[in-house]
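Here are my notes for you, as numbered points. Keep the structure open beside you and look up each residue as we go.

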Amino acid sequence: MSCFRVISAHYSHKILRHLASAFILLSVILIVCDVKDLRKFAVYYTVPSLQFIDPLDRPPSYTNLKKWEQNLPQHNLNLPFPEGKTGKYILFTSSQVEILGWNNKFINVLMDSFLAYKSNRTYVFYDFSWPDKHYPWPIHKYREWTPHTPLNAFFSGPTAGSSWGPGDPAPRAISDKWFDVVCPKSERRYINTHDVKPAIYWEDGSVIFEHWRKILTDAPERCIEIIPPPPETDGTPQVFDLHVWGSGRSLSLWEDFKNSPVSQLLSASPIVKLALEVNRHLFTHDDQAPLSSIPSSTPFGSTLSVHIRRGDYKSQCRHFWTWSSSFYNWNLLPFLPDRFNPPPGFSWGVNIPENLPIFLERCFPEIPTIIKRVRDVKKEFMKSAKPGESRVLKVIYIMTNDHTPWLDDLIMALAKDGWEVARTTADLTLTAEQKDVGVAIDMEIGRQSAVFLGNGWSSFTSNIVHQRLVDGKDVATIRFL
């Protein structure tokens, strides 16, 4: 009883009820869940009740953006064909794999949208579901069990419901919530990717694309949903899966995809644009300069953006070595510089120890290697200036998932090597919505920078390469560690 009186003196009855209910449910879950699920359950339901939790630093609700998506003009049953109740629709549920991060999903979203476009069907977009390990907030601050972010928070374009451009008769994309209205489950044809993929699994990307395009174009059904098989049947159930993107087989899709409105009309979202505007002073040579004194043109004309993946890449780069993996997706385009050719010595699932340092130097470089690489890239960029052209690289921006003292050491080393301004992702001032889509903000900075130096095994780097090439950036300004 004395213990109970102590607790009562410090916690309200409401908190006690929360805790009591949580502990009862924990006992049940202990029987049916694995340790990871149990830990998430305990944190999600019990920690938010405690008084020391900051209620202000919470994920955004996106109330206004969700309402805007809900009220898109194409969400109207009375619109004439190819929209409205007579239109033809396609939802790729097979691409909604929660274990993948944003950049792996982003390329699938764009290519699925392109496939829908070429198949004369309305693409159905959906919120991005975050894996716990990638979400910018800890579990005890979640607003929902699986965090979701509206697609239009990350980017704008036809894939997310905008127009396909003047004179283009293609139907505008709709949300998955409107799909439930215009295409009730009873009216859908379901196509399991496992019923299609085995026959074309190792074919070239263009063959895979055309095979699916014919299926979707010839299908008489108005509403189609592409669904995945159980994970034990296919762990990568997407139409275009990691085995396509992680090899050169995707490159045959490049020219058509690059020139499509999916790519040409892709732009940063208003949330991302505002973040760049608010933080633009960080990318000038004088961080004390008032915003009003900075020209309205891009502030990234003297910036070298560098993508340095740490954390999980310590083990992931060893995986690439084990399987002698080359670069990822668009990073493999043959006209790009700094190619990586895996050295000999590999047999299925086994690589020789002598090859490990070769992979790590490019995939997981340490500070001396990074400093030398950055210095060389800057020197080559300055030397390649055309007669009369003025080039300046005084700002370096490090896009990284590292939050350890290692990053401080890197910044100090860059300053010693002559960089006037050295910034990192952590230097940006962001609202909750901008923090939520921080990966898209970094991507846009990489897209606009004078020079981009990326990690060839990274999907994030590949997506920046895509957008820089679509923008017409000089190939020589796209480099790899």
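1. The protein chain has an accessible surface of about 22,800 Å², and 58% of that belongs to carbon and sulfur atoms. The areas come from the Shrake-Rupley method with a 1.4 Å probe, and for residues only the protein chains shown count as cover. Bear in mind that this is a predicted model, where local features need pLDDT of at least 70 and side-chain atom pairs count only at pLDDT 80 or more, while totals for chains, interfaces and linings use all residues. Residues are numbered from 1 along each chain as its sequence is written, and side-chain values use heavy atoms, with hydrogens and water left out.

2. Now the overall make-up. The protein chain contains 19 helices and 14 strands; helices (H or I, at least four residues) and strands (E, at least two) are DSSP runs, numbered from the N terminus. Of its 481 residues, 50% count as buried. Buried means under 20% relative accessible area, exposed means over 50%, and partly exposed is in between (1.4 Å probe, protein chains only).

3. How much of the contact total comes from residues 24 or more positions apart? They account for 77% of the contacts in the protein chain with a separation of 6 or more. A contact here means heavy atoms within 4.5 Å.

4. Next, the aromatic rings. Searching the whole structure turns up 32 aromatic pairs. Rings of Phe, Tyr and Trp (its six-membered ring) pair if their centres lie within 6.5 Å; planes under 30 degrees apart count as stacked, over 60 as edge-to-face and the rest as tilted. Take Trp102 and Phe154: their ring centres are 3.9 Å apart and their planes are at 10°, so this pair is stacked. Trp102 belongs to helix α5 (residues 102-118) and Phe154 to helix α6 (residues 151-154), so the pair ties together parts that are 52 residues apart in sequence. Trp102 and Phe154 are both buried.

5. Compare that with Phe283 and Phe300. Their ring centres are 4.8 Å apart and their planes are at 70°, so the pair is edge-to-face. Both residues lie in the loop between α12 (270-279) and β10 (303-308), so the pair ties together parts that are 17 residues apart in sequence. Phe283 and Phe300 are both buried.

6. Have a look around Trp102 again. Ring pairs join Trp102 into a cluster with Phe106, Phe128, Trp130, Tyr135, Trp137, Tyr142, Phe154 and Phe155.

7. The charged end of Arg310 sits over the ring of Phe364, 4.0 Å from its centre, and that of Arg391 sits over the ring of Phe381, 4.2 Å from its centre. To count, NZ of Lys or CZ of Arg must be within 6 Å of the ring centre and within 35 degrees of the ring normal.

8. On to a pair of strands. Strands β7 (residues 188-192) and β8 (residues 223-227) run parallel and are joined by five bridges; two strands pair if DSSP finds at least two bridges between them. Within this pairing, Tyr190 stands opposite Glu225 in β8. Together with helix α8 (residues 205-218), β7 and β8 make a right-handed β-α-β unit. Right-handed means that, with the strands pointing away from the viewer, the path from the first strand over the helix to the second runs clockwise.

9. Where does Glu433 sit? Its place is in helix α17 (residues 432-436), and at 30% relative accessibility Glu433 counts as partly exposed. Although Glu433 and Pro59 are 374 residues apart along the chain, their C-alpha atoms are separated by 7.3 Å. Leaving aside neighbours within four places in sequence, Glu433 is in contact with Pro60, Tyr62 and Ile271.

10. Finally, some backbone details. Tyr62 has a positive phi of about 55° although it is not a glycine. Tyr62 is in the loop between α3 (35-46) and α4, and at 2% relative accessibility it counts as buried. Asn120, also not a glycine, has a positive phi of about 60°, but at 54% relative accessibility Asn120 counts as exposed. Also check the cis peptide bond joining Phe81 and Pro82, with omega about 15°; Pro82 lies in the loop between α4 (63-70) and β1 (89-92).
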